[in-house]
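Work through the exercises below with the sequence and the model side by side. Each task is followed by a worked solution.

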Amino acid sequence: MISITSDKLLLIEKVLLLKSLDIFKDTPETILAELAPLMQEAEVEQSTILFKEGDIGDCMYIIYRGEVRIHKANNTLAILKEKEVFGELSLLDAETRSATATAQTDCFLSRIDQEPFYELLDERPEIAKGFIKILCNRLRAQNEKSILSNTEFLFNK
């Protein structure tokens, strides 16, 4: 079950949470103060599916408390914890989700929807820098993982 609210965290707490994330660490607090009101809090019970692989994405989540499992069927891709972000690609495009996200524990999450985020990007394009940086880092990490897997495959032949 997901219970959504928008007034559990104070504005300053939201700004501090955003500032603690890799994706926004280089973004000035004044700009984060404009992003923070877009955040909606959600309390989620353990085992709740937040989204499924193939769903159309329209928001990203920030873990304030708890753990979220990112998986494809029974294959776990990641266990994300406090101050980690998931679903961030959906803020940039409305494509389908590449994996399923399930609450591993009871969670307290913040959600940012795509449409108001786009409106803010029009006014504050510097927010996009953090996204570009984190996506580049994830792409590099995936490339490294792919290279290691291919290398192991070649040596194990």
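The model is predicted: local features need pLDDT of at least 70, side-chain atom pairs count only at pLDDT 80 or more, and totals for chains, interfaces and linings use all residues. Residues are numbered from 1 along each chain as its sequence is written, and side-chain values use heavy atoms, with hydrogens and water left out.

**Exercise 1. Describe the protein chain as a whole.**

Solution. 
Step 1. Take helices (H or I, at least four residues) and strands (E, at least two) as DSSP runs, numbered from the N terminus. The protein chain then has five helices and nine strands, in the order β-α-α-β-β-β-β-β-β-α-β-β-α-α.
Step 2. Call a residue buried under 20% relative accessible area, exposed over 50% and partly exposed in between (1.4 Å probe, protein chains only). Of the 157 residues, 37% are buried.
Step 3. Count contacts (heavy atoms within 4.5 Å). Among those between residues at least 6 apart in sequence, 74% join residues at least 24 apart.

**Exercise 2. Determine which side of helix α1 is covered and what covers it.**

Solution. 
Step 1. List the buried residues of α1 (residues 11-19): K14, V15, L17 and L18.
Step 2. Find their neighbours. The buried residues pack against α2 (29-35), β2 (40-44), β4 (59-65) and β9 (107-113).
Step 3. Turn to the other side, where I12 and L16 are exposed. I12 has a relative accessible area of 53%. Together with L10, I12 and L16 form a nonpolar surface patch with about 330 Å² of accessible area. Such a patch takes residues with over 30% relative accessible area and no salt bridge; nonpolar side chains (Val, Leu, Ile, Met, Phe, Trp, Tyr) are joined within 5 Å, like charges within 9 Å. Areas come from the Shrake-Rupley method with a 1.4 Å probe, and for residues only the protein chains shown count as cover.

**Exercise 3. Locate salt bridges and say what they link.**

Solution. 
Step 1. Search for a side-chain nitrogen of Lys or Arg within 4 Å of a carboxyl oxygen of Asp or Glu. The count comes to seven.
Step 2. E41 and K14 form one of these, at 3.4 Å from N to O. The pair links strand β2 to helix α1 across 27 residues. E41 is buried at 0% relative accessibility, and K14 is buried at 5%.
Step 3. E34 and R124 form another, at 2.7 Å from N to O. E34 lies in helix α2 and R124 in the loop between α4 (114-123) and α5 (127-155), 90 residues apart. E34 is partly exposed at 29%, as is R124 at 25%.
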